[in-house]
Amino acid sequence: MRVIEDTSEKHEKRGGNAAGDLHLQINATESSMLVVNNTSLISQLLALNETRKAVSFRRISEYSLANYYAVEGDIRIEANSSTIFVVKPLDMGISSSNSTNSWSIQPYPRKGLSDVKNWTVNIVGHDDDNYGTVPKCTQNHRRPAILFSVAGFSGNYFHDFADLLFPLYTTSFRYEKEVHFLASDYKRWWISKYRRILDLLTRHEVVDIDNEKVHVHCYNNMVAGLNFHKELMIDPALSKPPSGLSMHHFKQLLRRAYSLERKRAVRSRKGDGTEKPRLMIISRNRTRAMTNEVHVSRLARKLGYEVVSAEARVSTNVTRFAQTVNSCDVLMGVHGAGLTNMVFLPENAVLIQVVPFGEIDEFARLDFRDPAAGMNIRYLEYKVSMKESSLSQQYPADHPVLKDPKSYRTRGWDALSSIYLEKQNVTIDLDRFRGTLAKALKLLRH
């Protein structure tokens, strides 16, 4: 499922700072129903605020899709039951109700995915009937922890960065590497693939928390879920000075992780003998293939580019591919996960997104146009016409697929993507595309 814009409010519950107090932040989209059905506890906390000024609500980010919980206190993580126990202090002053002091969370930015493990957050008091179910600590930690899932859309290159790696960066940034990563739905290959990035976010080994069956890990501070604003973009509220949190800083981290040498794209001036700007074409073979890629490459060379073509596969060596991308000044390709490699481009480079025929422009721009500015990358877009689409050969001219693409938008993401993303290839009109390539050259000269 894809969401264009979620304007539901997020709330934060915050306890006081007095010693022994339970500090609990809960951020959740209203549509998720994770906190909405915990209204009894919310009412009690609000009442407590009137007397102790210990709790406050504020709007965090109207576009956030994720459920994100930050907790301070006596926290005990039991893998056997996938439960986060939070033992509230004796003087908390909140009456107990086992039915309202417990709720579920999927620690992954996109909600409602069947393969993401559900965790239970259970607030328990010393005088509660169920206090005897609270496990005893076997591992006590001084460092904070972040619990997240490696299920969902992991394995898709775009979602690896947009759903996991970048949110991990924004969530863990303030801890300066002194944080434990607790990975639910652990995938060894995924951890290995992105080891270079993960090692720059934490000094500690990533824990396969689901299999810590014989241990109860205890913390004083943890986050369940990941801070997610929009695809590859930072919540402005979190990036205000002097936080240091920024896409620029994330790209610096990637340069260190993969030894990327180039910081800025080449400034090519017409006829001055400088090196040719380098263009990388992201190839696709299964869907949304560019059927005349050879001719597009030939055109680009005539205009003065050095051209490199490559396809990013799941098995592709990230380091080598990142270094190749970093050596280029322009990255182009049909909308898809391969364009995520824009994160490795030098500053002032150009991204050209070829948007397939159909009503997917808004999704394409959300994924790649909107984040480009924060990466200091210039963005160009080429919209495929009906004549350039293979769909014009698959359907009669009066078919709704060609005549009324908007009607498929109203049917939902699955109906839209199954045709316009999964069944379409493109044949670029070279005369039209010449102008886009020329504009990219012009941008590199300024």
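The questions and answers below go through the chain, its cores, its pocket and its cavities.

Mentor: This is a predicted model, in which local features need pLDDT of at least 70 and side-chain atom pairs count only at pLDDT 80 or more, while totals for chains, interfaces and linings use all residues. Residues are numbered from 1 along each chain as its sequence is written, and side-chain values use heavy atoms, with hydrogens and water left out.

Trainee: How many helices and strands does the protein chain have?

Mentor: Helices (H or I, at least four residues) and strands (E, at least two) are DSSP runs, numbered from the N terminus. Counted in this way, the secondary structure of the protein chain comes to 13 helices and 15 strands.

Trainee: What percentage of the residues in the protein chain is buried?

Mentor: A residue is called buried under 20% relative accessible area, exposed over 50% and partly exposed in between, with a 1.4 Å probe and protein chains only. Of the 446 residues in the protein chain, the buried share is 56%.

Trainee: Which residues touch the most other members of the largest nonpolar core, and which element gives the largest share of this core?

Mentor: A nonpolar core is a set of buried Ala, Val, Leu, Ile, Met, Phe, Trp, Tyr and Cys residues joined through side-chain atoms within 4.5 Å. The largest one has 103 residues, and those touching the most other members are F161, I197, Y258, M342 and F344. The largest share of this core, 9 residues, comes from helix 2.

Trainee: With which residues is I197 in contact, leaving aside its neighbours within four places in sequence?

Mentor: Contact means heavy atoms within 4.5 Å. With those neighbours left aside, the residues in contact with I197 are F161, L165, L253, L254, A257 and Y258.

Trainee: What is the volume of the largest pocket?

Mentor: Grid points are joined across faces, edges and corners, and a volume is the space filled by probe spheres set on the points. For the largest pocket, this volume is about 900 Å³.

Trainee: Is R288 buried or exposed, and what is its phi?

Mentor: R288 lies in the loop between strand 11 (278-282) and helix 6 (293-302). Its relative accessible area is 7%, so R288 is buried. The phi of R288 is positive in a residue other than glycine, with a value near 50 degrees.

Trainee: Where is N348 found, and what is its phi?

Mentor: N348 is found in the loop between strand 13 (330-334) and strand 14 (350-355). N348 counts as buried because its relative accessibility is 15%. Although N348 is not a glycine, its phi is positive, at about 70 degrees.

Trainee: How many cavities of 30 Å³ or more are found, and what is the volume of the second largest cavity?

Mentor: A search of the whole structure finds 2 cavities of 30 Å³ or more. The lining of the second largest cavity includes F166, H229 and L245, and its volume is about 60 Å³.

Methods:
1 Å grid on protein atoms, 1.4 Å probe; cavity = no way out; pocket = protein on both sides within 12 Å on 5 of 7 lines; lining within 4 Å.
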